[in-house]
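Here is a short report on one protein chain. Please look over the sequence and the structure before reading on.

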Amino acid sequence: MTKFVFKRVLESLPVFFLIVTAVFFMVRFVPGGPFDKERAVSEETLSALNSYYGLDESLPEQYVKFLANLACGDLGPSYKYPAWSVNELIWQKAKVSLPLGFCALIIALAVGLSCGFLAAKNPNSKFSEALDAFSLLGICLPAYVQGPLLKLALSLKLGAFNAMGWHGWQDMVLPSVTLAFFYSAWIAKLSKNSMITELSKDYVRTQRAKGAQEISVFLCASKSALQPVVSYLAPARATKPPADGLWTSPQKKPPKNRPSRVRVAMV
């Protein structure tokens, strides 16, 4: 397993390098610059801005410096927010996004896998039918509908949670449940169908015929049944949770030795 992961990591490095290189040169070759939409400034100010951001250097020098900084984890200063670096902006969001995404993932896995495997044990039961309805609802109902409904029921009506703000772990419950609802529906559906398929295979019938305990048969089949779920989790975690209302735009005042007229982000 370790060898497989190491091999995948090595294979991803050239892809990452090509993507970074393509983005760098695409940005440089786009007509215009990051300060074109600024109000009229003097040549001295524009020259100072270009010097600060290293835009007055040749393209090979910019590229080498960009790769060197990237290798050190330095993404450079932000073109949009004065006095902020890209690392600071990412960390400001990550302080909320990472715990929120982790909690949503744990809830989605716990609910989805347990419900999916239980339904696969008795695929014709009422519980299995109810799970199908839950999965359909979770997949079709968008998060921007689930969130207000949970707020209305649990915050405004019952008063169990705050309707807004980010003051403690209690404020993480409703966003985590909202994010986990969609993913738990997919995980339950995938795990149920995959487990039903595995339990119908010959090796499972052979184990039962040899007198193996049902829990041992079920655990053995679950290893193969988890493969579709694992394949789904990678792209699922690549999506970011909605951040509306949790953060505000950076308002930190720039120090005197930094330019304060940069407002347009370079895409």
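Accessible areas come from the Shrake-Rupley method with a 1.4 Å probe. By that method, the protein chain exposes about 17,500 Å². Carbon and sulfur atoms supply 66% of this area. Keep in mind that the model is predicted.

## Overall build

The protein chain has 10 helices and 0 strands.

The chain holds 267 residues, and 28% of them are buried. How much of the contact count comes from residues 24 or more positions apart? Among contacts with a separation of 6 or more, such residues account for 72%.

## A nonpolar patch

Look at the start of the chain. F4, V5, F6, V9, L10 and L13 form a nonpolar patch on the surface. Together they have about 570 Å² of accessible area.

F4 is one of these residues, and its place is in helix α1, residues 2–29. Is F4 buried, exposed or partly exposed? F4 counts as partly exposed, because its relative accessibility is 46%. The label "buried" needs a value under 20%, and "exposed" needs one over 50%.

## Salt bridges between helices

How many salt bridges does the structure hold? There are 6. One of them joins the side chains of E214 and K121, with N to O at 2.9 Å. E214 lies in helix α9 (residues 214–225) and K121 in helix α4 (residues 86–121), so the pair ties together parts that are 93 residues apart in sequence. E214 is partly exposed at 31% relative accessibility. K121 is partly exposed too, with a relative accessible area of 37%.

K192 forms a salt bridge with D132. Their closest N and O atoms are 2.8 Å apart. This pair links distant parts of the chain: K192 sits in helix α7 (residues 173–199) and D132 in helix α5 (residues 126–140), 60 residues apart. Which side of the burial cut-off does each partner fall on? K192 counts as buried, because its relative accessibility is 6%. D132 is partly exposed, with a relative accessible area of 40%.

## A further pair and a network

The side chains of K201 and E198 also meet in a salt bridge, at 3.0 Å from N to O. K201 is partly exposed, with a relative accessible area of 35%. E198 counts as buried at 7% relative accessibility.

Some salt bridges share partners. In this way K121, R208 and E214 are joined into one network.

## Cysteines

How many disulfides are found in the whole structure? The search finds 0. C72 counts as exposed, because its relative accessibility is 68%. C103 counts as partly exposed, at 27%.

## Summing up

The picture is a chain of 10 helices and 0 strands. A nonpolar patch on the surface includes F4. The search for disulfides finds 0.

How values were computed. Residues numbered from 1 in each chain as written. Predicted model: local features only at pLDDT ≥ 70, side-chain atom pairs only at ≥ 80, totals over all residues. Heavy atoms only, no water. Helix = DSSP H or I, 4+ residues; strand = E, 2+ residues; numbered from the N terminus. Buried < 20%, exposed > 50% of the residue type's maximum accessible area, 1.4 Å probe, protein only. Contact = heavy atoms within 4.5 Å. Patch = residues over 30% accessible without salt bridge, like charges linked within 9 Å, V, L, I, M, F, W, Y side chains within 5 Å. Salt bridge = Lys/Arg side-chain N within 4 Å of Asp/Glu carboxyl O. Disulfide = S-S within 2.5 Å.
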